[in-house]
Amino acid sequence: MNPYPALAASVGLSGAGNGSSSRRSRRSKVRNCITPIRSMTAARARFTLRAVAVLLCLLCMAGPVGAEEDAATQTEYRMPPKAIADLIDAPPTPYVSVGPHREWLLLMQPPSLPPISEIAQPELRLAGIRINPRTNGRSRVRRYYTGLVLKRIADGSERPIMGLPEMPRIGSLRWSPDGKKVAFTITRDDGIELWAADVGTGKAGRLTGPQLNAAYGSPYQWVSDSRTLICRFISAKRGKAPEEPRVPRGPTVRTNVGKVAPARTYQDLLENAHDEALFEHYLTCRVVKVTLDGEVTPIGPFDIVARAEPAPNGKFLLVETVHRPYSYLVPVRRFPRRVEVWDMSGRVVRQVADLPLAEEVPVAFGAVPVGPRSFGWRADAVATLHWTEAQDDGDPRKEAEVRDRAYILTAPFDGEPVELVSLGLRYSGIMWGSERLALVSESWWKNRKTRTWKIDPTKPGSEPTLLIDRSFEDRYNDPGRPIMTETPKGTSVLLTADAGNTLFLSGRGASPEGDRPFLDRFDLTTREHHRLWRSEAPYYENAVDVLDVDDLRVLTRRESKTEPPNYFVRELRAGDIRAITDFPHPTPQLADVYKEMIRYERADGVDLTATLYLPPGKKPEDGPWPMLMWAYPQEYKSADAAGQVTDSPYRFVRTHSHSPLLWLVHGYAVLNDPSLPIVGEGDVEPNDTYVEQLVAGAQAAVDEVVRRHVADRDRIAIGGHSYGAFMTANLLAHCDLFRAGIARSGAYNRTLTPFGFQAEERTLWEAAEVYFTMSPFMHVEKVNEPILLIHGEADNNSGTFPIQSERFYNALKGHGVTCRLVMLPDESHGYRARESVMHMAWEMTEWLDKYVKKAEPRTEPEDQTPGQASGQ
């Protein structure tokens, strides 16, 4: 440990305070520490530099890293056992996109985990957006691809996309409306380019240089002619980014005069005038037209363009631009914005709305900003705009017969908006079908209700027809989601048959025996379902698309416990099936893993389920084993819904870099996703009895695996990520069921999320006792099992600031609890770099082996049954 914290603090090297939870990256912090030294007087600078030198010598004298078990150290990245590392390094399976005419599949090959050098690139965190200043794109793209292959559905023949640069970073793929081209971006070191590939030849070519602005929203859109793309370009004359003033010009001041403006715990917000200047610098762009021949035509002025979407007829653009005043309280999606319709020359045809800053939106679920929202083009019309507007001031706490109204406005956009439909719940989406058919959905959080209405757009304001009225918690009665199809204009509409009277619904098919996906015909007149097909054991198979309505030819994705997901064509009339893809088993070392979906009961009668996995080649009679239980609680308003089965026994045994299944090859049994429902029926909120229900669910899971002789009651660990980490800490505080815990990227003090969290919509001041009881930070003195905390230093998830783990660790250590805190540099809420993931796996393996696998049997108090809940 550093024996001279005061000296470290004096030169800016202390880890005290917010530390890694700062909005800026570590590299920015280092630069910020150096800048004051440059501006000091020469004498003070010489003193400070001497202090640095002395400190470095003292740190070297303190001994090697890791010399003290309780020391705070920075260690090298470590590797887990080879069997686990091999699973992490397993080649990923390609993703698949279906072409608009259902003739081709596009196979998109993702890379293996990126190196830490890629994750550690420069990053700006502005208004809820993370930007790579080198590329002017998002700094943390969730997924990109390194190779593309076209596969013909009819015969399975393949056509690789050629002409790409070596090891490209491909993203934002979009088929052209006619299905003859595929556009995509390629991210270079100095920017983002637009490319297009010809489906007929497989040849790809670059359309633009590194000029795309992909920092916010989609960087391009196809026009319906399939020859033109609407893009957003950076100015060639933009110049360097604004430099942060070395000397402050004055304080940053925030003022509120009587306005009620609650806000959830957003990350990466603007903080000062320099942030505002950077925000404008990197988000400002210009809308341009780019043809497949490479011709570029500017449209409109430079602005902060959040959206530029062409109408189906290709003659108008729906444009949304962000403007001042900005906010230090909410992210960019709440900033003021203008919504306009432009023609293709950039002339403003109509300003539809100028929306104000939305800081005063209530925090209750179902709250929305006042004014028009959810703008879009009607998919089945040539140029008709639609949007929704709240009628209850956007506040779900207010009584109102009508919550939302949907409107339409047709070209040439010089008339008044027409009311399409009024809704008693909150608008949640619209699916367009044809001139006389659309489906409008609404929902309400408080009672978990969802409804879908059939409307006739030719009769605006007419009485809609109710098609679906159910609880969205009720999986068993989910009727499925309509299959969509693409129009020649490139829009997506309902797939229908029988002159528009029949829909095709694809659903999960949840049932007491597990999920069994299905495809139904749904008669819009009688509202009757006709089952066309259902997945059968031993497979889990779902309908991806209907290739031919008349012949009932269906594209499906099928898997089993031992067969990875692949794509098939099913001829429903003939009963034939034909494989299209043949992706190999990515982890054959898991091919003989035992998997079973188990069912058991909580003490209060609520049915529970979990998926049990045993090490490769093992059977239940070979047990017991040390066990890792990995879970994530879920809130419900219905005990019946909470007891429904939520998985299939026939899903492929798939692992990934964060999966608990990694430890199967290290001799552990795994109980994955055991049900931990938190139920509050009627006027009772689920979290009013969170701890009691959480412990009861965990007790039932432990009792079941012990009864089955697959786990030793004295060698079970509990773990989870995010809200699962919160769960882990609570279980260690309120029961003695587990020998150790692993909590990744969690939040532990709910007073730091005072305006609600997860499914809790009450504020700290409305439910102080609930916040206190649910916060493991407030009960740290009850924790008596070892706990491993892992957190990304750059976590941007709402509520899970890195300081949550830092402060929880300090509290645990202050009470003598065996604990370890691992902060992963440059990682966000989920960890992406190979080095980070491998080190995470090493930490977890060491922890599990030391405190679970090799743990001695516990000596229980005479008046307590082994494993009984305690610490209540």
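Is E681 buried, exposed or partly exposed? In this predicted model, where local features need pLDDT of at least 70, side-chain atom pairs count only at pLDDT 80 or more, and totals for chains, interfaces and linings use all residues, E681 is partly exposed, because its relative accessible area of 44% falls between the limits for buried (under 20%) and exposed (over 50%), taken with a 1.4 Å probe and protein chains only. Residues are numbered from 1 along each chain as its sequence is written, and side-chain values use heavy atoms, with hydrogens and water left out.

E681 sits in the loop between β43 (677-679) and α8 (690-707), helices (H or I, at least four residues) and strands (E, at least two) being DSSP runs numbered from the N terminus.

Helix α6, residues 273-283, is mostly covered, with eight of its eleven residues buried; among them are H274, D275, E276 and L278. The buried residues of α6 pack against strands that include β3 (124-126), β4 (129-132) and β14 (284-291), where contact means heavy atoms within 4.5 Å.

The loop between β3 and β4 holds A127, which is buried at a relative accessible area of 0% and has a positive phi near 55 degrees, although it is a residue other than glycine. S745, in the loop between β45 (740-744) and α10 (768-774), likewise has a phi near 55 degrees and counts as buried at 0% relative accessibility. Most residues other than glycine have a negative phi, and most peptide bonds are trans. A cis peptide bond, with omega about 5 degrees, joins R324 and P325, and another joins A537 and P538.
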